[in-house]
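Biologist: I've got a fold open here and I'd like to know where the labels come from. Can you take me through it?

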Amino acid sequence: MRAFHDAVTEWAAGGPGEPARELAGRLRVRSAVLLEGLSDVAAVDALAGRRGRDLAAEGVCVVSMGGAMNVGRYARLLGAAGLGLRLTGLCDERERRFYDRALGQGEDSVFVCVADLEDEFIRALGVVRVEELIREAGEWHPWQTFARQPAQQDRTTHRLLWRFLGTKAGRKIRYGRLLTEAACDAGCVPAPLEELFARL
């Protein structure tokens with residue numbers, strides 16, 4: 001499935017489509033989950049692991065598109081006009097118009113986060129638990145340094161946490177997994193992610 005994902009990414013960038021077509025048939029790919037970025041992929045993969053599901057074996061490809069504005073291109077390649085896969089996705093409220101345009105407004109296949117998935121996790125888990133996760137991840141000192149910056153003083157702890165998760169390359173991906181696992185343990189997986197997973 002990794003090879004199929006890579007072939008689709010190359011196809012979307014203007015490369016040949018035949019490798020993706022061949023792999024889709026051989027792997028019996030039946031659906032694709034269109035996600036904005038790698039942190040969302042990390043969350044979906046972590047939830048699948050906790051639920052004991054092998055999405056690749058089920059014919060589900062989880063696709064990182066590199067931004068919501070690319071959803072139209074991926075939908076054309078993978079949807080009814082392309083490989084004929086069933087499409088679903090997760091997006092932020094501000095990006096919903098791109099998904100609605102690509103997948104059809106009102107379709108029960110796009111699940112929407114208010115700000116983004118990290119914001120949903122902070123609201124679901126609460127700021128105290130997220131701070132505990134930061135401490136457990138060995139990032140308490142960077143978090144405290146960030147929170148004490150003069151430019152951050154007028155923000156709520158929730159908003160500070162949300163901004164902190166996006167301040168370092170790779171941090172959102174790491175916490176995509178950590179937040180998902182913590183939410184599974186607490187029984188509070190955010191509704192958009194839970195609903196998306198139920199459709200897979």
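Predicted model: local features only at pLDDT ≥ 70, side-chain atom pairs only at ≥ 80, totals over all residues.

Modeller: Residues are numbered from 1 along each chain as its sequence is written, and side-chain values use heavy atoms, with hydrogens and water left out.

Biologist: Why does Thr-180 count as buried?

Modeller: Buried means under 20% relative accessible area, exposed over 50%, and partly exposed in between (1.4 Å probe, protein chains only). Thr-180 has 1% relative accessibility, so the residue counts as buried.

Biologist: What makes the pair of Trp-143 and Phe-164 edge-to-face?

Modeller: Rings of Phe, Tyr and Trp (its six-membered ring) pair if their centres lie within 6.5 Å; planes under 30 degrees apart count as stacked, over 60 as edge-to-face and the rest as tilted. The structure holds 2 aromatic pairs. For Trp-143 and Phe-164, the centres are 5.5 Å apart and the planes at 65°, so that pair is edge-to-face.

Biologist: And what is the pair of Phe-146 and Phe-164 called?

Modeller: That one is tilted, with 5.9 Å centre to centre and 50° between the planes. Trp-143, Phe-146 and Phe-164 form one aromatic cluster.

Biologist: How do you know that Arg-135 sits over the ring of Trp-140?

Modeller: The rule asks for NZ of Lys or CZ of Arg within 6 Å of the ring centre and within 35 degrees of the ring normal. The charged end of Arg-135 is 4.0 Å from the centre of the Trp-140 ring.
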